[in-house]
Amino acid sequence: MRGEGRCEYASTATMVLVLLLCWDGVAQVNSQSVPALFVFGDSLVEVGNNNFLRTVARANYYPYGIDFRGGGATGRFSNGNTLIDFIGDMVGVPSPPPFANPSSIGSRILNGVNYASASSGILDESGRHYGVRYSMNQQILNFESTLNQYKTMMNATTLSQYLAKSIAIVVTGSGDYINNYLLPGLYGTSIKYTAQEFGNILVNNYVRQILALYNLGLRRFFLAGIGPLGCIPNQRSRGLAPPGRCVDIVNQMVGFFNEGLRSMIDQLNRNHPDAIFTYGNTYGVFGDILNNFATYGFSFVDTACCGIGLNRGQITCLPLQLPCLLRSRYIFWDAFHPTQSAMYIFAWRVVNGPPADSYPINIKQMAII
């Protein structure tokens, strides 16, 4: 898994796939076209904000980061790189630093800032049982704080152009199910709302949050849908589906959110012609990987590389726990998160893929508009 190039992150399915990933997919967009990345969301794109917060939702210990370039646990919920690291590589922008790090000031934030926080969600209450986290609403406030810094570094015209050319990567919503709706003992949302009602509530709140970022100056948005949560080791370990099967009812729940968000994309683009909003089909891409795992070079579909209990998903990866050895053959790293091998495939497809993967255009196309 380790190495200096990018090709090591691709799974070893066939030589054809490797060539596609490594030759056709990593051509960088001129970094001047994308001066910065602003990252919002949850643990799928966090790079260490929770290291500075009072929370148990952290990944700043071994074996997290065992395959990370440079080595060591940084707060990324992965064995190596996350989605934002790969997208940054592909568009030619360094992965931005975490907002909560006191050193994330001045020239260090000229390539953007990462506000993502593990256990957070679209709703403020989601994940509260883990402790302090930056909800999406708080992340927007944190972005405003960053803007105040930028205003001391560039004039209004330059700042406006800088924000308009930058890309906002937003990956959120999973936590509102895993750390809210699917925990009826801690949260009352599943009693109060049907799955469709809850999905509509999430979409409506999410769109308001995205428009708040638009009103603050951002113009290029990549909005990722939610993946097949019923297939992650954590949900498989609950015993709600036969061995080897995903929990269909959970996948149906997140379907309401995905359908609602996907349907809003055309409306957002129609109502805001000076911006571009794209939808990342997380569910479709990871569904393809799960259904055709051997084609992508994976051998282990329903079990985490690091964790305890059934499917290694009942308790997530613990400090100093020895992970699996064949990490590139696993789709899931821990109870909740993909390995960097699986995440690389998703990143490549939303950067370079067709509208079925990233609608209406992919990230590479958005970067050169």
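Tyr 62, Leu 320 and Leu 322 come together as a nonpolar patch on the surface, with about 370 Å² of accessible area together. Such a patch is built from residues with over 30% relative accessible area and no salt bridge, with nonpolar side chains (Val, Leu, Ile, Met, Phe, Trp, Tyr) joined within 5 Å and like charges within 9 Å. A salt bridge here is a side-chain nitrogen of Lys or Arg within 4 Å of a carboxyl oxygen of Asp or Glu, and areas come from the Shrake-Rupley method with a 1.4 Å probe, counting only the protein chains shown as cover for residues.

This is a predicted model, in which local features need pLDDT of at least 70, side-chain atom pairs count only at pLDDT 80 or more, and totals for chains, interfaces and linings use all residues. Residues are numbered from 1 along each chain as its sequence is written, and side-chain values use heavy atoms, leaving out hydrogens and water.

**Around the patch**
- Tyr 62 sits in the loop between β1 (37-41) and α2 (83-91); helices (H or I, at least four residues) and strands (E, at least two) are DSSP runs numbered from the N terminus.
- With a relative accessible area of 36%, Tyr 62 is partly exposed, a class that falls between buried (under 20%) and exposed (over 50%).
- A cis peptide bond links Tyr 62 to Pro 63, with omega about 15°.
- Leu 320, in the loop between β8 (315-316) and β9 (330-332), is exposed at 67% relative accessible area.
- Although not a glycine, Leu 320 has a positive phi of about 70°.

- Five of the five residues of β4 (residues 220-224) are buried.
- Arg 220, Phe 222 and Ala 224 point one way, while Phe 221 and Leu 223 point the other way.
- In a regular strand, side chains alternate between the two faces of the sheet.
- β4 pairs in the parallel sense with β3 (residues 167-171) over five bridges, and pairing requires at least two DSSP bridges.
- Val 171 stands opposite Ala 224.
- β4 also pairs in the parallel sense with β5 (residues 276-280) over five bridges, where Phe 277 is the bridge partner of Phe 221.

**Two buried serines**
- Ser 237 lies in the loop between α8 (233-236) and α9 (248-271) and is buried, at 8% relative accessibility.
- Leaving aside residues up to four places away in sequence, Ser 237 touches Leu 310, Asn 311, Gly 313 and Gln 314, where contact means heavy atoms within 4.5 Å.
- Ser 119 is also buried, at 6% relative accessibility, and its phi is positive, near 75°.

Methods:
Buried means under 20% relative accessible area, exposed over 50%, partly exposed in between (1.4 Å probe, protein chains only).
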